[in-house]
Amino acid sequence: MAGTTRVTTVEETADGDGERAPAAQLRRRLGRADLRAVPESRHDLRELLRHWGRPGQSETAELLTTELVTNALVHTDRAAVLTATVGPRGLRVEVRDFVDHEPRPRVPDAGDGTHGRGLVLVESLADAWGIRAHAVGKAVWFELDADAA
């Protein structure tokens, strides 16, 4: 199943005074176990972030998004949804899957090869991150501030 991508402009609260500012949003359906969605998601995010942030920020966002997308596709046997929103305050990326198992960062074992490092990277490089439970499944998200160095 090929993923579908949609880029839209949404309204986001800019500050506490209630005024709204436009934000760009990427939304992509990730097919069940479709690992082609990983590089495709990176490409879509790169396009969304072409004029955003300080040097290096979009690369960090791509890396962290790759980790979340890969985790959702490898550790579940279901489809997922990637949503990335760029607004005046920064970037928020969320990958929602439909499995209740909550992931936890863990110190990777030397014998794990490249496995087990995804959430450690997210925890280390994101300005904020977390897991939000849904009635079915969960969303793993991270944020990068617009002005962070």
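**Exercise 1.** Which residue does the side chain of Glu-62 meet in a salt bridge?

*Solution.* In this predicted model, the side chain of Glu-62 meets that of Arg-46 in a salt bridge, with a distance of 2.8 Å from N to O. The last step concerns exposure, where buried means under 20% relative accessible area and exposed means over 50%. Glu-62, at 5% relative accessibility, therefore counts as buried, whereas Arg-46, with a relative accessible area of 40%, is partly exposed.

**Exercise 2.** Describe the salt bridge between Arg-28 and Asp-44, and decide whether each partner is buried or exposed.

*Solution.* The closest N and O atoms of Arg-28 and Asp-44 are 2.9 Å apart, and the two residues form a salt bridge. This pair links distant parts of the chain, since Arg-28 lies in strand 2 (residues 20–30) and Asp-44 in helix 1 (residues 37–48), 16 residues apart. With a relative accessibility of 4%, Arg-28 counts as buried, and Asp-44, at 16%, counts as buried too.

**Exercise 3.** Starting from Glu-94, trace the salt bridge to Arg-132 and the network that holds both residues.

*Solution.* Glu-94 forms a salt bridge with Arg-132, in which the closest N and O atoms are 3.2 Å apart. Because Glu-94 lies in strand 4 (residues 90–97) and Arg-132 in strand 5 (residues 128–133), the pair ties together parts that are 38 residues apart in sequence. Glu-94 is buried, with a relative accessible area of 14%, while Arg-132, at 34%, counts as partly exposed. Both belong to a network of salt bridges that also links Arg-92 and Glu-143. Arg-92, in turn, lies over the face of Trp-141, at 4.3 Å from the ring centre, although a search of the whole structure finds zero aromatic pairs.

Conventions. Residues numbered from 1 in each chain as written. Predicted model: local features only at pLDDT ≥ 70, side-chain atom pairs only at ≥ 80, totals over all residues. Heavy atoms only, no water. Phe/Tyr/Trp six-rings, centres within 6.5 Å; stacked < 30°, edge-to-face > 60°. Lys NZ or Arg CZ within 6 Å of the ring centre and 35° of its normal. Salt bridge = Lys/Arg side-chain N within 4 Å of Asp/Glu carboxyl O. Helix = DSSP H or I, 4+ residues; strand = E, 2+ residues; numbered from the N terminus. Buried < 20%, exposed > 50% of the residue type's maximum accessible area, 1.4 Å probe, protein only.
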